[in-house]
Amino acid sequence: MAGTAGPAGRSPAVQLGFLWGAAAISASAIAPFVPRLLRLFVPVWPRCPVKLLAGIPCPACGSARATLALGRLELARAFAANPLFTASVLAFVLGGLAALSLAIAGRGVPEPRTLSAPARAAVVLVFAANWCWLLLDGR
């Protein structure tokens with residue numbers, strides 16, 4: 001079914017490229033407004049339940065601060081808050097723009113596949129390294 005044309009006569013790979021690109025552009029468009037919106041709707045930040053109960057930061061610790069920093073285009077501060085989250089957001093946006101370019105050219109992006117065992121191990125190691133960073137940073 002990978003080569004079957006969708007409802008608009010486009011292949012699923014091209015549709016995925018347009019969808020990813022639209023999501024990346026939308027996220028980038030609202031990013032400058034995130035700090036103001038969060039202050040409006042979340043006047044007091046809740047404490048992390050993992051930090052409260054276990055005394056250590058959760059793996060997502062700093063993601064909110066990184067989001068605020070990205071909204072202000074403060075990349076160094078975003079990476080300091082949570083490197084993996086920041087890299088993931090940037091990869092999502094840049095990948096979305098590349099996917100949109102491919103979709104406009106009619107090529108699209110390949111459908112996601114299962115990662116190989118070495119790639120899964122690398123993901124686990126990167127996740128663990130990020131958590132070590134958060135622990136060593138004294139969160």
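The account below concerns Asn-82 and the helices around this residue.

Reply: The model is predicted, and its confidence may be stated before any detail. The mean pLDDT of the protein chain is 86, with 91% of the residues at 70 or more. Confidence is lowest in helix 2, where the mean is 78, and highest in helix 6, where the mean is 95.

The overall setting comes next. The protein chain contains 7 helices and 0 strands, and its pattern along the sequence reads α-α-α-α-α-α-α. Its radius of gyration is 18 Å, well over the 14 Å that the globule rule gives for 139 residues, so the chain is more spread out than a compact globule. The C-alpha trace spans about 55 × 40 × 25 Å along the principal axes. Of the 139 residues, 23% count as buried. Among contacts with a separation of 6 or more, 60% join residues 24 or more positions apart.

Asn-82 itself is found in the loop between helix 5 and helix 6 (83-104). The residue counts as buried because its relative accessibility is 1%, against a cut-off of under 20%. Two backbone atoms lie close to the polar part of its side chain in terms of distance: the backbone oxygen of Pro-59 is 3.5 Å from a polar side-chain atom of Asn-82, and the backbone nitrogen of Leu-84 is 3.3 Å from a polar atom of that side chain. With neighbours within four places in sequence set aside, Asn-82 is in contact with Pro-59, Ala-60, Cys-61, Gly-62, Ser-63, Ala-66, Asn-130 and Leu-134.

Just after helix 4, Leu-73 adopts a positive phi of about 60°.

Ala-66 also belongs to the largest nonpolar core, which has 5 residues and includes Ala-69, Leu-70, Ala-78 and Ala-81 as well. Helix 4 (63-71) and helix 5 (75-81) are the elements that give two or more residues to this core, and helix 4 gives the most, with 3 residues.

Conventions: Residues numbered from 1 in each chain as written. Predicted model: local features only at pLDDT ≥ 70, side-chain atom pairs only at ≥ 80, totals over all residues. Heavy atoms only, no water. Core = buried A, V, L, I, M, F, W, Y, C linked by side-chain atoms within 4.5 Å. Buried < 20%, exposed > 50% of the residue type's maximum accessible area, 1.4 Å probe, protein only. Helix = DSSP H or I, 4+ residues; strand = E, 2+ residues; numbered from the N terminus. Polar contact = N/O pair within 3.5 Å; in protein donor to acceptor, adjacent residues only side chain to side chain. Contact = heavy atoms within 4.5 Å. pLDDT = per-residue confidence, 0-100. Rg over C-alpha atoms; globule rule 2.2 N^0.38 Å.
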